[in-house]
Amino acid sequence: MDTEKDVKKCGFLLFVGGAVFTAVIILWPIFMVLSQTEGEIGEQLTAISFQPEMYKLNFFIASLIAPAMALILVMLAFKVETRMKTPKLNTLGAVLIVPYAVLVSFAYISQYTLLQGFLNDGDWLQAELWYFNNAASVPYFINQLGYAFFGFSGMLIGFKFLKEKGILRAIGVLLWLSGILSFAAFGGLMLGSELMNFSTIISGLLTLPIGILVMSWGLHLGRREGSYG
């Protein structure tokens with residue numbers, strides 16, 4: 001039985017993780033639009049090289065996504081009790097968070113580090129290879145692979161919530177839906193199917209309500225005087 005202090009600490013961390021994740025997911029598309037450039041890939045890179053600030057800010061915000069989601073998944077795996085006990089699934093899911101967080105964060109961070117270095121050096125071939133908005137680029141592949149790990153991790157951790165009710169069940173269902181779509185997106189990238197790869201956008205949209213629901217559950221735990229059960 002968790003103490004009241006432990007439950008409230010769990011609630012606080014869930015609320016913080018959910019709040020940061022929700023804020024980032026809302027802000028990222030806005031800055032993505034503001035940093036968008038027109039033309040072919042070469043023309044886009046030229047525009048970014050002249051005015052890199054907004055593009056760099058956009059991907060700095062994006063690089064906060066994986067750490068916030070990783071915190072959420074770890075808390076869901078080990079700190080949120082459910083009727084169904086799935087310690088092995090929780091542990092394996094937590095292990096898979098590591099490649100997810102590392103790969104996705106690296107893909108986004110490369111846009112305001114490596115890419116900018118290539119642009120500054122005038123190495124346009126390498127810049128194109130490391131340009132995230134190029135679907136054939138290295139960071140795009142790394143990002144999609146990272147989200148495949150997220151999908152597997154989320155489904156394993158979310159399994160125990162599927163037999164719950166209310167907010168927890170909704171979190172479990174959304175983790176499974178987002179996970180399935182993440183697998184579909186990576187499969188689409190491997191098969192060269194733009195339609196399947198488009199599911200990455202839908203998967204991303206489904207994570208927004210996860211953040212909001214996690215915030216709500218965090219507030220709920222913060223008001224409780226004991227643990228689940």
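**A tour of rings and helices**

The count here comes to 15 aromatic pairs (rings of Phe, Tyr and Trp, the last by its six-membered ring, with centres within 6.5 Å). You're looking at a predicted model, where local features need pLDDT of at least 70, side-chain atom pairs count only at pLDDT 80 or more, and totals for chains, interfaces and linings use all residues. Residues are numbered from 1 along each chain as its sequence is written, and side-chain values use heavy atoms, with hydrogens and water left out.

Start by selecting Tyr108 and Phe132. Their ring centres are 5.6 Å apart and their planes sit at 50 degrees, so this pair is tilted (under 30 degrees is stacked, over 60 edge-to-face, the rest tilted). Tyr108 is buried at 2% relative accessibility, and Phe132 is buried too, at 9% (buried means under 20% relative accessible area, with a 1.4 Å probe and protein chains only).

Next, colour helix α8 (residues 138–158) and helix α9 (residues 166–191); helices are DSSP runs of H or I, at least four residues, numbered from the N terminus. Their axes, lines fitted to C-alpha atoms over the stretch in contact, come within 8 Å and cross at roughly 150 degrees. The two are therefore roughly antiparallel (over 145 degrees between N-to-C directions, on a scale from 0 to 180).

Last stop: Ser153 in α8. Is Ser153 buried or exposed? With 0% relative accessibility, Ser153 counts as buried. Leaving aside neighbours within four places in sequence, Ser153 is in contact (heavy atoms within 4.5 Å) with Leu73, Gly93, Leu96 and Ile97.

Technical notes:
Buried means under 20% relative accessible area, exposed over 50%, partly exposed in between (1.4 Å probe, protein chains only). Angles under 35 degrees count as roughly parallel, over 145 as roughly antiparallel, 65 to 115 as roughly perpendicular and the rest as oblique.
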